[in-house]
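Student: I have a model open and want to learn how to read it. Where should we begin?

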Amino acid sequence: MKPLRFLHQGFAHRGLPRVIVLSALLASAPLITPWTALRAQQSQAPAPAQSAPELATVYDLDAVRLVLRAFHGFTQEGLLAASTQVPRALRELADSSAEDLLVRRQAVKALGLFPDSENFAFVSARLNAANVGLKRLYVAALGPYAPTRGAEVTALLAAPIQDRDALVRTYAAKVAGRVPLSTGLKGLVNTRLQVEADSGVREALFKALKR
Amino acid sequence: MERDSSLLWGRLQPKPNPARITYGYRPMTLRNKISLQVWLLALLIVLPLMASGCKKKTNSTPAPVDKGLRSTCVPAPYAAAAPYTYTTATPLPQAPLTTGYDYVTVDIPVDSVGIGIVLAGTNANLKFIEHGVLMIPSTDCMKSPAGVVPFAFNQMDLNGDTYVDDEYSSLSNYQAPAVFFPNNGQQLILPKGRYTFPVGSVNAAETATESDTLTATVYYMTPSAVVPTLKVNLWLVAGVNTMIDNDPNPALAMSSDPELQGALNKLIATYRDNANVGISVVVNYQHIPDSTYATLDTVTEINTLVKSFPTAPSPNDAINLFVVASIGNQSAPNPIAPAGVIGYSLGVPGPFTQQGTVVSGVLAEYQHDGRGDHLGTILTHELGHYFGLYHTTQTNEKQTGYIGYDPISDTTVCKTTPLTTCADKDNLMFPVAMGITPLQITVEQGRVLRLNPVMK
């Protein structure tokens with residue numbers, strides 16, 4: 001028997017009107033409010049990543065989180081000052097399902113400030129992220145690699161440029177606009193242009209060709 | 001004759017359990033019933049009091065750190081939370097700008113509690129000159145009818161510190177600069193008469209475009225009996241949320257989107273429920289069908305978006321909140337710096353009720369978390385900037401220390417690290433989105449908000 005039901009029935013059996021019992025329960029609602037507010041606050045607070053103590057020690061995750069949470073952006077210098085293991089910390093934060101989505105999104109964006117091979121592999125493997133917001137950001141994160149790894153990026157863009165989400169296609173087209181023009185890239189963009197209906201994507205595709 | 005006691009309370013009262021009667025159960029006497037009811041009534045009174053006590057304690061504002069600001073406060077004869085109304089005054093004919101800086105001259109016909117001005121001109125670098133920007137002498141700051149400086153916008157270096165002067169100088173192009181005072185939450189009575197404001201170009205080397213004829217819109221605030229209301233247009237750009245885009249009535253679909261609703265609930269609760277503010281918020285949903293504006297990579301794109309949607313639902317009546325997919329993303333060759341911006345206000349303050357300028361609104365990134373808590377925090381924070389509030393503590397880019405603070409004396413300045421220990425970390429204008437609810441607003445911050453001409 002559930003406790004609340006037991007309490008309710010107990011009062012009722014002793015001749016106490018249910019209306020009074022219910023009134024008392026309603027009156028105690030304000031007591032519950034601070035508790036629920038506290039719970040909500042706790043659930044919204046930056047959640048620790050998995051095995052947080054170890055990671056926090058190695059990567060200074062708390063310091064990185066703070067830099068990422070700034071309303072008006074972050075810099076490479078700011079992130080480097082927060083941790084000696086910045087790219088690894090960012091990958092850890094971006095990947096952690098226990099992490100606040102705001103921090104995850106910011107971590108993906110920050111990866112673009114550190115365009116190394118490991119980050120390229122990391123981003124490339126996540127172009128199909130389940131969360132559409134993250135997926136868009138991962139596609140956009142290919143941008144810094146476009147000028148130097150054109151062929152690889154072009155190959156990676158084949159799927160995103162046909163994605164069902166218009167903004168995934170927009171980001172793919174914008175990244176394509178940073179890849180040095182080649183036959184392969186022109187073919188990819190032209191093929192999509194023939195079927196693309198979204199005006200924003202079409203504009204990005206045109207820009208990718210006309211430069 | 002045994003009476004069916006369930007009749008006494010109608011259907012609410014179950015019939016007595018015969019088994020328990022067999023074991024000596026006696027129905028409650030009237031006396032016992034009354035004493036229990038008294039006990040419950042006492043609970044009804046005491047429990048809410050206990051709850052409110054807890055809440056008050058949670059919301060208490062920590063003791064402020066002395067910022068060394070000189071007090072120019074003149075006690076006003078009206079309540080601190082008095083609502084205000086604005087009237088627009090016609091400025092005097094302005095001479096074209098010449099080199100250096102000149103003055104805008106305004107005649108305010110009655111005693112007021114606040115004055116706001118929005119300039120317009122073709123000079124893209126037009127700006128109000130505050131003491132410290134071009135380091136003009138403090139005696140050349142805004143002057144009152146008595147010829148004195150009634151309020152210094154930027155009281156710099158009073159104790160070796162500065163408060164943030166113009167953190168958005170890399171973003172705004174100043175085509176509609178706005179100024180509002182007092183922006184430090186003090187209660188002043190500004191005597192009627194002629195005021196002068198120094199204006200000029202932020203580009204000190206610029207001379208070619210300074211022969212610019214100005215127009216100015218002047219707002220002056222006087223006490224009012226009307227409860228202030230803030231009208232906002234919530235614009236969602238196509239592409240951000242495809243479910244909304246595909247709905248036959250996207251604006252209606254916005255009103256049931258959990259993330260947008262969660263965000264608005266936080267915004268409304270912050271501004272309405274805080275005793276220091278008490279502003280009611282009216283929301284108008286708008287959908288922008290062009291996904292071109294969903295990804296903003298350059299300042300030009302931002303300005304184009306903000307300028308392009310001036311009229312709905314009625315012109316010059318509400319503040320525009322633009323929800324987009326991303327701001328300054330790495331997919332662009334030269335994205336806005338710094339990276340990772342999640343929200344912008346196009347002015348501190350923004351040009352009040354004027355729409356259709358390149359700085360008429362605030363931006364926020366949709367977070368795709370389905371709750372809207374962070375989106376709400378971003379929108380609420382950026383609106384605070386638009387109303388003229390600065391960061392309580394301006395932190396450095398490493399988020400390891402402070403480099404300045406706001407001009408408001410009852411907000412705290414965090415001089416400790418890590419920032420998670422800051423006393424102002426739960427304030428609306430803390431520069432880091434800590435994910436805290438509810439966001440705090442001090443008495444003087446509330447006064448700045450309520451004095452803004454945007455409030456009707």
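**Reading the sheet, then the helices**

Tutor: Start with one pair of residues: W235(B) has F322(B), in β11(B), as its bridge partner. Bear in mind that this is a predicted model.

Student: What holds the strands of a sheet together?

Tutor: Strands of a sheet pair through backbone hydrogen bonds, and the pairing is either parallel or antiparallel. Here, β8(B) and β11(B) pair in the parallel sense, over five bridges.

Student: In what order do the strands of this open sheet lie?

Tutor: The order is β9-β8-β11-β15-β14 in chain B. Five strands form this open sheet, and the pairing is mixed.

Student: Which strands stand at the edges?

Tutor: Look for strands with a single partner. In chain B these are β9 (280–288) and β14 (343–345), so each has one side without a neighbour in the sheet. Ignoring direction, neighbouring strands of this sheet are turned by 20° against each other on average.

Student: How many bridges join β8(B) to β9(B)?

Tutor: Nine, in the parallel sense; β8(B) covers residues 229–237. For a landmark, find L234(B), which stands opposite Y285(B) of β9(B).

Student: Is β11(B) buried or exposed?

Tutor: Count neighbours: a residue is buried if 20 or more other C-beta atoms lie within 10 Å of its own. In β11(B), residues 319–324, six of six residues are buried. Check each face. I319(B), L321(B) and V323(B) are buried on one side, and N320(B), F322(B) and V324(B) on the other.

Student: Which helix lies across β8 and β9 of chain B?

Tutor: That is α5(B), residues 258–273, and it runs at about 155° to β9(B).

Student: How do I check the length of a helix?

Tutor: Compare the expected span with the distance between the end C-alpha atoms. Take α7(B), residues 373–386. At 1.5 Å a residue, its 14 residues should span 20 Å; the end C-alpha atoms are 20 Å apart, so the two agree. In α7(B), 14 of 14 residues are buried. G388(B) follows the helix, with a positive phi near 110°.

Student: What about chain B as a whole?

Tutor: Chain B has eight helices and 17 strands. Of its 456 residues, 45% are buried. Take its contacts with a separation of 6 or more: 76% are between residues 24 or more positions apart.

Student: How do I describe two packed helices?

Tutor: Two packed helices are described by the angle between their axes and the distance between the axes. Now turn to chain A. Helices α13(A), residues 183–193, and α14(A), residues 199–209, pack at about 150°, with axes 10 Å apart. Angles over 145 degrees count as roughly antiparallel, so α13(A) is roughly antiparallel to α14(A). Their crossing is left-handed.

Student: Which residues make the contact?

Tutor: From α13(A), they are K186(A), V189(A), R192(A) and L193(A). From α14(A), they are R202(A), L205(A), A208(A) and L209(A).

Student: Can we finish with an exposed residue?

Tutor: Find E118(A) in α9(A), residues 117–124. E118(A) has 12, so it is exposed. Its C-alpha atom is 9.6 Å from that of R91(A), 27 residues away along the chain.

How values were computed:
Residues numbered from 1 in each chain as written. Chains lettered and ligands numbered in written order. Predicted model: local features only at pLDDT ≥ 70, side-chain atom pairs only at ≥ 80, totals over all residues. Helix = DSSP H or I, 4+ residues; strand = E, 2+ residues; numbered from the N terminus. Contact = placed C-beta atoms within 7 Å. Expected span 1.5 Å × (residues − 1). Pairing = 2+ DSSP bridges. Axes fitted to C-alpha atoms, helices over the stretch in contact; angles between N-to-C directions. Parallel < 35°, antiparallel > 145°, perpendicular 65-115°, else oblique. Left-handed = near helix turned anticlockwise from the far one by under 90°.
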